[in-house]
Amino acid sequence: METNLLGIALLVAFLTWFNSAAAPMWLRWSTHFGAPLIAGLIYGIVLGDVPYGLAVGSTVMMVYMGLVAVGGSVPSDLSVAGYLGVAITMLAKQPPEVGLTIAVPLGTLGVLAQNTKMTTNAIWVHRADKYAAEGNTKGVMLMNVFASQIFPFLMLAIPSFLAVYFGAPALEKFLAAVPSWVLNILILLGRLLPALGLALLFQQIFNKRTIPFLVIGFVLAAYLGLAVMPISIVGIAFALLHFLYTTKKGVGEVAKAEETLVDEENAVEVKPHQAISKKALNKAWFLWVTFGQICYNYERMMGLGFTHSLNPIMEELYPTDLVKRGEAMTRNMAFYNTENTWGGSIAGVVASMEEEKAANPEANADLISSLKTALMGPIAGIGDSVTQALVKVVLLAIALSFSLQGNPIGVILFVVLFSSYALIVSRTLYFGGYRIGKKSIIDMLKGGRLQSVSEALSVVGMMVLGALVSNNMNVNTPLKFTIGQVTTEIQPILNSILPKFLNVVVFALVYWLVKKGVKATTIILIILAAAIVLSLLGVLG
């Protein structure tokens, strides 16, 4: 029994870690979001009782049917709830209903591991910055795929192994031993760190002519509570207006006089060049759909994964010129976050634009960053809605209908169909984006409208950034003062001045440091120190 328990504990540890942090994204759609159901089948086979495993997995899965991870934010870690919670329930031979009382709390505690991963992964991002600047594609790959798994393995695999091998009470004692002040510091750090990624993004897409749209995006999110998707739609409308009025005769002439538009006579000459090979594009697409989110972190989100996916393209476009390769890789290391499957369209467009940039060095590189920023919100909105709220729910419903009858075919269909969906849709959109992006960039280069298009995209990017400052940080103060019988809370006063006031203050301070040329690693240390001090003093929570 000891040997059998050891093997089961190792299996649970591997599955919990792998499906939460390391699985290819096209597979993770099914193995993570269907974790309890899949775990029930696997452990049912291992323990020799498939109907019991499917019953436990189905019961736990019911709680998470409608769970949608928007922007990577989830209230529970499904891998911990599924692969660990279901295992402990089955090993204890508890009724399926009891599995809920075990799995749900474990899933909630699993968010701690996710927050730690999101925080510590920034370490590898900054190592990758160095490799990207050198044009070192291997170094970027190592940081994205392998280094990013060190802390998740420590936070997920080892506790899961101990929980199964020594029992649930050992896990409870371990978590209870962690001081609350340590958890509070980690929570505050997770709220402050996004300011660095957003500040770096602001520096990259900065355009003084479009700054008012940053304010508009923030106001729509902070005052009206709009999400990124509707704000992106409004931003696209503003961008179209901006483009029309800056290229229209009369208004356009004034803009040209101010040298804000490129005269068609001086437009960049489109030089003939060798297109990226289909082999390189296939490799780049597969890297994106597989490793685009593996080093997910609070500072850059998917920035490192996106850069890693471009490795085959960078090596082909710049086989010997490491300086230009480094410049191209560095500009793609910026803050980036979208939905993986539908986000393949953006990756394809960027591949096309990088191809044109390599052929025409005079082309505006800022256009690539602006386009990524402008598209990531709308594409994420579509992708999250279709992939998680529609495809996942329908396939899970089918799988559950079989599983509740003790039939494992539903789980198998779920994994196969969901993975096929991710691979087929992402590849189709990737190559579609490449073809469309290539045509669009050639038209812009020939037409002399590059500056107007760049500014129009900056409009959307600024509005999305404003929304992210409002929605992606949740900095509050618990401070309050009591004078006599009257207690005054500070946060409501700040909210009356400006909703999300402290978000703006933190973002502005971090951007000021970025603008002063302070290294990102130094800023992280400053933020960490601030989180420790302000949390312990009770200034921020």
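Q: Where does S20 lie, and is S20 buried or exposed?
A: This is a predicted model, in which local features need pLDDT of at least 70 and side-chain atom pairs count only at pLDDT 80 or more, while totals for chains, interfaces and linings use all residues. Residues are numbered from 1 along each chain as its sequence is written, and side-chain values use heavy atoms, with hydrogens and water left out. S20 belongs to helix α1 (residues 2-22), where helices (H or I, at least four residues) and strands (E, at least two) are DSSP runs numbered from the N terminus. With a relative accessible area of 1%, on a scale that calls residues buried under 20%, exposed over 50% and partly exposed in between (1.4 Å probe, protein chains only), S20 is buried.

Q: Which residues is S20 in contact with, leaving aside its neighbours within four places in sequence?
A: Contact here means heavy atoms within 4.5 Å. Once the neighbours within four places in sequence are left aside, the contacts of S20 are R28, H32, D77, S79, Q114, K117 and L156.

Q: What kind of aromatic pair do W29 and F33 form?
A: A search of the whole structure finds 19 aromatic pairs, for which rings of Phe, Tyr and Trp (its six-membered ring) must have centres within 6.5 Å, with planes under 30 degrees apart counted as stacked, over 60 as edge-to-face and the rest as tilted. The rings of W29 and F33 are 5.5 Å apart centre to centre, with 20° between the planes, which makes the pair stacked.

Q: What are the relative accessible areas of F161 and Y165?
A: F161 and Y165 form a stacked pair, 5.5 Å centre to centre and with 10° between the planes. Both lie in helix α8 (residues 150-166), four residues apart, about one turn of the helix. Each residue is partly exposed, F161 at 21% and Y165 at 22%.

Q: At what distance from the ring centre does K372 lie over the face of Y336?
A: A charge sits over a ring if NZ of Lys or CZ of Arg is within 6 Å of the ring centre and within 35 degrees of the ring normal. The charged end of K372 sits over the ring of F306, 4.2 Å from its centre. For K372 over the face of Y336, the distance is 5.1 Å.

Q: Is M301 buried or exposed?
A: M301, in the loop between α15 (278-291) and α16 (303-309), has a positive phi of about 55° although it is not a glycine. At 5% relative accessibility, M301 counts as buried.
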